[in-house]
Amino acid sequence: MSDTATKRIVLTGGGSAGHVTPNIALIPALKEAGFEIFYIGSYTGIEKKLIEDFHIPYFGISTGKLRRYFDPKNFTDPFRVLKGFSEAVSLLRRIHPDIIFSKGGFVSVPVVRAAGLLKIPYIVHESDMTPGLANKLSMAGARKICCNFPETMRVLPADKAILTGTPIREELSQGSKQAGRDFCGFTDDKPVLMVIGGSLGAQSVNETVRYALPRLLPNFNVVHICGKEKMDNLKLSVPGYKQFEYVKNELKDLFAMADIVVSRAGANSICELLALKKPNILIPLSTKSSRGDQMLNARSFEQQGFSLVIDNDELDEDILVETIEDLYENREKFLENMSKSSLHSATDKIIQIIEEEMK
């Protein structure tokens with residue numbers, strides 16, 4: 001390892017992109033602040049692939065899921081967690097970090113527990129309105145707990161909770177509207193509706209948008225990020241409608257181009273919409289497909305005047321089209337509410353908290 005005078009931080013979190021992208025958003029600011037950065041995730045999780053592009057040391061540990069329901073893996077995963085804890089202790093002794101920032105997911109639990117044993121301070125970030133199980137298991141020893149929603153403050157220890165928002169990747173705000181139009185082949189000046197269907201559980205959104213195209217395309221160009229293997233090959237040549245399974249480098253340009261957005265209600269996604277000031281319709285995953293966190297996230301944004309919400313179980317073509325027209329007609333009101341939000345500088349706030357707790 002390098003000179004011990006260097007400020008060192010370990011980032012941890014994984015299992016889904018939502019437990020990784022806020023850590024990724026912090027990396028440039030941490031480097032600018034003089035930190036040497038290390039990442040601890042699982043051996044083969046999505047976090048390993050996402051972190052590769054940033055050329056920081058990555059260490060994998062054994063991990064197991066902590067389930068509240070019966071599964072045969074419940075008998076073996078505790079041993080994987082114990083192994084991960086032992087591996088995390090060994091890694092932290094080698095790295096000797098000044099502080100740890102945990103974004104959650106089950107891989108983070110052995111890491112923060114090892115940090116507690118070694119007396120290394122750590123900070124937890126909770127994106128959803130209600131803390132997930134992994135973060136619940138991590139909070140007792142945390143110095144601070146950062147969160148996204150005012151409602152979350154009520155269920156967190158008052159001396160630890162800080163309303164910060166979520167770090168947003170800086171490059172998302174640096175897109176070009178014209179580059180987005182060129183990428184999609186949109187040549188007229190109609191407003192652009194962006195649909196982020198995602199992958200898990202988004203088929204209902206994808207299908208409803210496609211049913212509604214004859215009513216939407218006279219007034220909007222539609223760019224649709226529909227998820228892996230969810231393209232509709234019959235609609236590849238429909239004028240004014242452009243589909244993508246996934247977009248990486250050009251995403252910033254699509255956001256710059258979009259006038260309004262239809263999205264699921266994952267915490268990171270909606271915080272990006274808030275930071276970019278994109279009037280939006282949220283269609284949260286129902287409790288049949290999730291623990292209900294997206295529904296809570298969406299209702300909070302609705303109450304704060306940032307979003308309109310459609311219940312997934314009530315989604316149909318008529319409701320979708322009417323809500324899109326309502327949102328576009330009243331978009332200035334949503335832009336005004338978003339501009340008043342204090343949750344736009346989460347990265348700066350979190351870097352400041354890290355520096356303070358490290359001392």
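This is a predicted model: local features need pLDDT of at least 70, side-chain atom pairs count only at pLDDT 80 or more; totals for chains, interfaces and linings use all residues.
Trainee: Let's start with sheets. What is the strand order in the seven-strand one?

Mentor: The order is E3-E2-E1-E4-E5-E6-E7. The sheet is open, and its pairing is parallel.

Trainee: Remind me, what holds strands together in a sheet?

Mentor: Strands pair through backbone hydrogen bonds, either parallel or antiparallel.

Trainee: Which strands stand at the edges here?

Mentor: Strand E3 (58–61) and strand E7 (161–163) do. Each has a single partner strand, so one side of each is left without a neighbour in the sheet.

Trainee: And how much twist is there from one strand to the next?

Mentor: The twist averages 25°.

Trainee: Give me one pairing in detail. How many bridges link E1 and E2?

Mentor: Six bridges, in the parallel sense. E1 covers residues 7–12, and E2 covers residues 35–42. For a pair to look up, take Lys7, whose bridge partner in E2 is Phe35.

Trainee: Is E2 mostly buried or exposed?

Mentor: Buried. Seven of its eight residues are buried, so E2 is largely enclosed by the rest of the structure.

Trainee: What about E5 and E6? How many bridges join them?

Mentor: Four, and the two strands run parallel. E5 is residues 122–126 and E6 is residues 144–147. Ile123 stands opposite Lys144 in E6.

Trainee: Now the helices. Which strands does H4 touch?

Mentor: H4, residues 108–117, packs on the sheet and touches E1, E2, E3, E4 and E5. Its direction makes about 155° with that of E4.

Trainee: How many of the residues of H4 are buried?

Mentor: Seven of its 10, so the helix counts as mostly covered.

Trainee: Which ones?

Mentor: Ser108, Val109, Pro110, Val111, Val112, Ala114 and Ala115.

Trainee: What follows H4?

Mentor: Lys119 does, with a positive phi near 60°.

Trainee: And H1? Which strands does it lie across?

Mentor: H1 lies across E1, E2 and strand E4 (99–102). It runs at about 160° to E2.

Trainee: How do E12 and E13 pair?

Mentor: In the parallel sense, over three bridges. E12 is residues 280–282. The bridge partner of Ile281 is Leu308 in E13.

Trainee: I clicked on Phe186. Where is it found?

Mentor: In the loop between helix H6 (177–184) and E8.

Trainee: What does Phe186 touch?

Mentor: Leaving out residues up to four places away in sequence, its contacts include Val192, Val223, Tyr241 and Met257.

Trainee: What lines the largest cavity?

Mentor: Thr21, Pro22, Thr166, Pro167, Ile168, Arg169, Asn268 and Glu272. H1 and H9 are the elements that give two or more residues to that lining. By class, it has three nonpolar, three polar and two charged residues.

Trainee: And how much space lies in the second largest pocket?

Mentor: About 480 Å³. The pocket is lined by 27 residues. Pro167, Ile168, Arg169, Glu170 and Thr347 lie nearest its centre.

Trainee: Which element gives the most to that lining?

Mentor: H1, with five residues. Helix H9 (267–275) and helix H13 (346–358) also give two or more residues.

How values were computed. Residues are numbered from 1 along each chain as its sequence is written. Side-chain values use heavy atoms; hydrogens and water are left out. On a 1 Å grid over the protein atoms alone, a cavity is a set of points where a 1.4 Å probe fits but cannot get out, and a pocket is an open set with protein on both sides within 12 Å along at least five of seven lines; lining residues have an atom within 4 Å of a point. Grid points are joined across faces, edges and corners, and a volume is the space filled by probe spheres set on the points. Two strands pair if DSSP finds at least two bridges between them. Buried means under 20% relative accessible area, exposed over 50%, partly exposed in between (1.4 Å probe, protein chains only). Contact means heavy atoms within 4.5 Å. Axes are lines fitted to C-alpha atoms, for helices over the stretch in contact, and angles run from 0 to 180 degrees between N-to-C directions. Ala, Val, Leu, Ile, Met, Phe, Trp, Tyr, Cys and Pro count as nonpolar, Asp, Glu, Lys and Arg as charged, and the others, Gly among them, as polar.
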